[in-house]
Amino acid sequence: MNQLHEPVLLKETIEALQVQPGGRYIDCTVGGGGHSAAILEASSPGGQLLGLDADPQAILNAKPILKQYGKSVLLVNENFSQLEVVSTECGFRPVHGILFDLGMSSNQLSEHGRGFSFQHEAPLDMRFSPDQELTASQIINDFSENELAMLIWNLGEERRSRKIAKLIVKNRPLQTTLELAQVVSKAVNGERGKLHPATKTFQALRMAVNREIENLRSALGQAVNLLGFGGRLVVISFHSLEDRPVKEFLTREARGCICPPETPVCICDHTPTLRLISKGIIRPSAQEIATNPRSRSAKMRVAERIS
Ligand SMILES: C[S@@+](CC[C@H](N)C(=O)[O-])C[C@H]1O[C@@H](n2cnc3c(N)ncnc32)[C@H](O)[C@@H]1O
């Protein structure tokens, strides 16, 4: 297939990772292979890249794109929640840098049978990997109204979650993406802001199906263990629900004592493992947003392993 996915903050990623010839890097979200290719270019000669993606189709698509780098690249179809196991099994540790570019790719959105898009008819699936058990259909058709409302509120930040959940339950069973999108639009009376009325509900379902926040939290800790001294951790997120755990994790790891403020004497023995490189967040330039509108919500955070 054609790679539709345009990597965001590409130059900034290579700079943040401080990619150097002969370096070893892990791309935890290979997707269309854009960031992986740029890392391999910048680390040549002698660089190596281990690339993971939970989606077998993403790995299949990236293989021909990265083929020219031969033995410098190793692609593994695995969830980044297994990061440490995969790296250890591949003898790929310590490393100079690790990248997470979160969420889904434009390629996945355009693969109509996957159910990620509310603009194309497809079964309610939304799994990154067919090995996962939970599908969007099970959530939509089996969860209680209250569970649905909570999920759409928590993972979609959708203020109309109760109305949406109520109408979903009234119209069940729902089989396809377009049926769901119609019900959501009806629930909010076709109210249209800048976003399609189903955007947040679809985001919530995708995040729940793929346990995105849980997997991210688990992988961040593993990434720190894999970085050598001075190694860089770079995370690109696309909305506050993804960015919040990243910010919390980096802030915590950059601190010494993490005892609650009311504790009179430190009992945690916590030592900082990371130094924050970007004080705030790095955002795409106006020029990048103009050429790649998907980049407009991207936020990059960078930290360096210190102990
Ligand atoms: C935004 S895309 C990455 C795009 C890529 N950086 C590029 O340049 O084309 C995110 C990718 O991460 C993958 N992904 C999301 N969560 C994952 C997880 N927990 N483990 C492994 N891959 C994951 C998705 O399948 C998707 O292919």
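## Exercises on a predicted protein model

With 26 C-beta neighbours inside 10 Å, Met-126 counts as buried. The model you are exploring is predicted, and the exercises below start from this residue.

**Exercise 1. Find where Met-126 sits, and say what its phi angle is near.**

Step 1: Look between helix 5 (106–110) and helix 6 (136–142); Met-126 is in the loop there.
Step 2: Check the backbone. Phi of Met-126 is near 70 degrees, which is a positive value in a residue other than glycine.
Step 3: Recall the burial class. A residue is buried if 20 or more other C-beta atoms lie within 10 Å of its own, and Met-126 has 26, so it counts as buried.

**Exercise 2. Decide whether Arg-211 is buried, exposed or partly exposed.**

Step 1: Locate Arg-211 in the loop between helix 10 (199–209) and helix 11 (212–226).
Step 2: Read its phi, near 45 degrees, again positive in a residue other than glycine.
Step 3: Count neighbours. Arg-211 has 16 other C-beta atoms within 10 Å, so it is partly exposed.

**Exercise 3. Describe the residues around the ligand.**

Step 1: Start with those that come nearest: of 22 residues, these are Pro-7, Thr-29, Gly-31, Gly-32 and Gly-34.
Step 2: Ask which elements give two or more residues to this shell; they are helix 2 (34–42) and strand 2 (48–53).
Step 3: Sort the shell by class: seven nonpolar, 12 polar and three charged residues.

**Exercise 4. Explore the nonpolar cores.**

Step 1: Take the largest core, with 47 residues; Leu-233 is one of those with the most contacts inside it.
Step 2: List partners of Leu-233 beyond four places in sequence, including Ile-98, Ala-223 and Leu-274.
Step 3: Look apart from this core for another, of 27 residues, among them Ile-140 and Val-209.

Notes: Residues are numbered from 1 along each chain as its sequence is written. This is a predicted model: local features need pLDDT of at least 70, side-chain atom pairs count only at pLDDT 80 or more; totals for chains, interfaces and linings use all residues. A residue is near a molecule or strand if its C-beta atom, placed from the backbone, lies within 6 Å of it. Helices (H or I, at least four residues) and strands (E, at least two) are DSSP runs, numbered from the N terminus. Ala, Val, Leu, Ile, Met, Phe, Trp, Tyr, Cys and Pro count as nonpolar, Asp, Glu, Lys and Arg as charged, and the others, Gly among them, as polar. A nonpolar core is a set of buried Ala, Val, Leu, Ile, Met, Phe, Trp, Tyr and Cys residues joined through C-beta atoms within 7 Å. A residue is buried if 20 or more other C-beta atoms lie within 10 Å of its own, exposed if 12 or fewer, and partly exposed in between; C-beta atoms are placed from the backbone. Two residues are in contact if their C-beta atoms, placed from the backbone, lie within 7 Å.
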